[in-house]
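Please walk through this model with me, one part at a time. We begin with a strand pair and then move on to the ligands and the core.

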Amino acid sequence: MKGAERIEIDRRYCKGCLLCQYVCKYEVFEPGQERSALDYLMPRPAKLENCRVCLLCQTHCPDMALVVVAGKNLTAESAKNAEKNDSNSKIAHKKIVTL
Ligand code: SF4
Ligand code: SF4
């Protein structure tokens with residue numbers, strides 16, 4: 001199964017809570033050394049090859065600071081998950097914007 005091409009963490013918003021690391025079942029993240037704009041230590045997607053593009057990390061990030069970019073050879077099941085979670089995340093975004 002092919003996973004993510006990359007995982008982007010927006011250093012403007014990351015608060016270093018490591019919730020993304022906590023929810024990931026595939027141990028993709030580890031605590032990193034780079035600091036965010038808010039001066040928190042950010043996680044590092046150290047084992048990107050383990051990623052299954054379930055998007056749990058992306059949907060659980062309280063600051064919407066994390067985006068999983070799917071690889072080209074994504075399987076149908078992962079693509080479905082990605083699409084579903086992406087639309088959930090867009091709905092969540094919309095709700096926050098319209099609050
Ligand atoms: S869940 Fe979001 S805010 Fe928390 S460490 Fe991960 S990327 Fe940063
Ligand atoms: S998409 Fe899923 S497998 Fe990939 S890093 Fe996030 S939680 Fe882990």
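Strands S2 and S3 run antiparallel and are joined by three bridges. This is a predicted model. The two strands form a hairpin, with five residues between them. Asp39 sits in the turn and has a positive phi of about 70°. Pro31 stands opposite Pro43 in S3. Arg35 stands opposite Leu41, also in S3.

How many of the six residues of S2 are buried? The count is zero. S2 spans residues 30–35 and is hardly covered.

Now step back to the whole chain. It holds three helices and four strands. From the N terminus on, the order is β-α-β-β-α-β-α. The chain has 99 residues, and 24% of them count as buried. Take the contacts between residues at least 6 apart in sequence: 65% of these join residues at least 24 apart.

Next, the ligands. Which residues come nearest to ligand 1? They are Cys14, Cys17, Leu19, Cys20 and Cys61, out of 14 residues around this ligand. Two elements give two or more residues each to this shell: helix H1 (19–23) and strand S3 (41–44). By class, the shell of ligand 1 has eleven nonpolar residues, one polar residue and two charged ones.

Ligand 2 is surrounded by 13 residues. The closest are Cys24, Val28, Cys51, Cys54 and Cys57. This shell has twelve nonpolar residues, no polar residues and one charged residue.

The largest nonpolar core has 18 residues. The residues with the most contacts inside this core are Ala4, Ile9, Cys20, Val53, Cys57, Leu66 and Val68. Strands S1 (4–9) and S4 (66–70) are the elements that give two or more residues to the core. Two of the names have come up before. Cys20 is among the residues nearest to ligand 1, and Cys57 is among those closest to ligand 2.

What does Val68 touch, leaving aside residues up to four places away in sequence? Its partners are Ala4, Ile7, Cys51, Val53, Leu55, Cys57 and Gln58. Cys51 and Cys57 also belong to the residues closest to ligand 2. Ala4, Val53 and Cys57 are, like Val68 itself, among the residues with the most contacts inside the core.

Note on methods: Residues are numbered from 1 along each chain as its sequence is written. Chains are lettered from A and ligands numbered from 1 in the order in which they are written. This is a predicted model: local features need pLDDT of at least 70, side-chain atom pairs count only at pLDDT 80 or more; totals for chains, interfaces and linings use all residues. A residue is near a molecule or strand if its C-beta atom, placed from the backbone, lies within 6 Å of it. Ala, Val, Leu, Ile, Met, Phe, Trp, Tyr, Cys and Pro count as nonpolar, Asp, Glu, Lys and Arg as charged, and the others, Gly among them, as polar. A residue is buried if 20 or more other C-beta atoms lie within 10 Å of its own, exposed if 12 or fewer, and partly exposed in between; C-beta atoms are placed from the backbone. Two strands pair if DSSP finds at least two bridges between them. A nonpolar core is a set of buried Ala, Val, Leu, Ile, Met, Phe, Trp, Tyr and Cys residues joined through C-beta atoms within 7 Å. Two residues are in contact if their C-beta atoms, placed from the backbone, lie within 7 Å.
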